Amino acid sequence: MTDPDVERQLVAVARDFAADEIRPVASAFDQSEEFPADVVRKAAAIGLTSFDLPAAYGGGGVESVRTACLIGEELAWGDAPIGSIVGSASFFAEPLAALGTQEQCERWITPLCGDDPPMTGLAITEPGAGSDAAAIATTATKVDGGYRLNGQKTWVSGAPVGRYYLVYATVAPGTRAKGITSFVIEQGDEGFTLGPKMPKLGSRCYPTGELFFDDCFVPEDRRVGDEGQGFYGVMRLFDRSRVTLAPNSIGIGRAALEYAVDYAQQREAFGKKIHEFQAVSFRLVDAKMALDQARLMMLHAADVADADEPFATEASMAKLAASEAAWKATNAAVMTLGSYGYSREYPVEKWLRDAKLEEIYEGTSDIQRLIIARAMFPRDN
């Protein structure tokens, strides 16, 4: 657990940064779809990009999932896509720190703790392997001195601007999870090419793309962990990331709800403020309840994780509740503003677009329900 005073200070830093540096530029980056490199560097300068990376390699050493969630909510309130970029290093660094050697961690985590951290990417999804991560078809064939990778990855966040990628491939095709192994690929490796940036509904400034491997040689020292350990590493990451993605949803929903409440207190119709109509106020009440309930579920899941107890079910419940609360809140905001809510002159349509992603990535809402159901109805041995 993080010391409460330290936690409050970190959250306050994130809140101020979100208000001063993220919120004012969020709309411009959404419209231009440019990568917010200057914002990331500003965040790095005050430790927001590396607060949860290991202290041994220059990071802030904050291990508490709860603290990460509280910081993440503030950054997402500023803007979820930019906040996600600021906090993206841990997705690459955590499996590396868990399975990699000290030399590997020094080589690839240490640069992430500097003032101009390189972007990284986690490459799991394939055209034929999304929710079913064990169906990975990209192969890693053992050769002298290393491996040859062949295959394709898609929906890789940060791909067009990344320098390092943690890529999952199978060393034993047909064995599903048993053969999955992770490798670090660096920009410029022979046989590795990037596809174009993929156009998206929301999260536009956080570029997403495809990776292609055509007999890409990977030296032995780029393999992370033993052969077959990759699936364990990524499932461990998913449990944690599903908790730490929940604050993205809550931050989006909170921003939209605050805006809608303020608007409802200013806008008049039929001779009175529109919040005086129950159709308006009750819709916003329901959104607030959903967000507050989701926040409690998120913090509970984080506390279970911090207690080093199994938390996969709690993680799925937190992500599911938060993502659906975000959609409820942003939709309520759009409805409160009416036709203005549909206009790009107002921020609520952007929040609605960004919220939809939260129900899809890192396991769709359907997958989260499946995980929860399996915990409720375990199979007979």
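This is a predicted model: local features need pLDDT of at least 70, side-chain atom pairs count only at pLDDT 80 or more; totals for chains, interfaces and linings use all residues.
**The chain as a whole**

Eleven helices and ten strands make up the secondary structure elements of the chain. The radius of gyration is 21 Å, close to the 21 Å that the globule rule gives for 381 residues, so the chain is as compact as a globular protein of that length. Taken along the principal axes, the C-alpha atoms fill a box of roughly 80 × 55 × 40 Å. Of the 381 residues, 52% count as buried.

**Helix H9 and its end**

Helix H9 comprises 26 residues, namely residues 312-337. At 1.5 Å a residue H9 should span 38 Å, and this agrees with the 38 Å between its end C-alpha atoms. Just after H9, glycine 338 adopts a positive phi of about 65 degrees.

**Packing of H8 with H9**

Two packed helices are described by the distance between their axes and by the angle between them. The axes of H8 (residues 278-306) and H9 come within 8 Å and cross at roughly 160 degrees. Because angles over 145 degrees count as roughly antiparallel, H8 is roughly antiparallel to H9. The crossing of the two helices is left-handed. The residues of this contact are divided by class in the table below.

| Class of residue in the contact of H8 with H9 | Number of residues |
|---|---|
| Nonpolar | 19 residues |
| Polar | two residues |

Notes:
Residues are numbered from 1 along each chain as its sequence is written. Side-chain values use heavy atoms; hydrogens and water are left out. Helices (H or I, at least four residues) and strands (E, at least two) are DSSP runs, numbered from the N terminus. The expected span of a helix is 1.5 Å times one less than its number of residues. Axes are lines fitted to C-alpha atoms, for helices over the stretch in contact, and angles run from 0 to 180 degrees between N-to-C directions. Angles under 35 degrees count as roughly parallel, over 145 as roughly antiparallel, 65 to 115 as roughly perpendicular and the rest as oblique. A crossing is left-handed if the near helix is turned anticlockwise from the far one by less than a right angle, and right-handed if clockwise. Ala, Val, Leu, Ile, Met, Phe, Trp, Tyr, Cys and Pro count as nonpolar, Asp, Glu, Lys and Arg as charged, and the others, Gly among them, as polar. The radius of gyration is taken over C-alpha atoms; the globule rule is 2.2 Å times the number of residues to the power 0.38. Buried means under 20% relative accessible area, exposed over 50%, partly exposed in between (1.4 Å probe, protein chains only).
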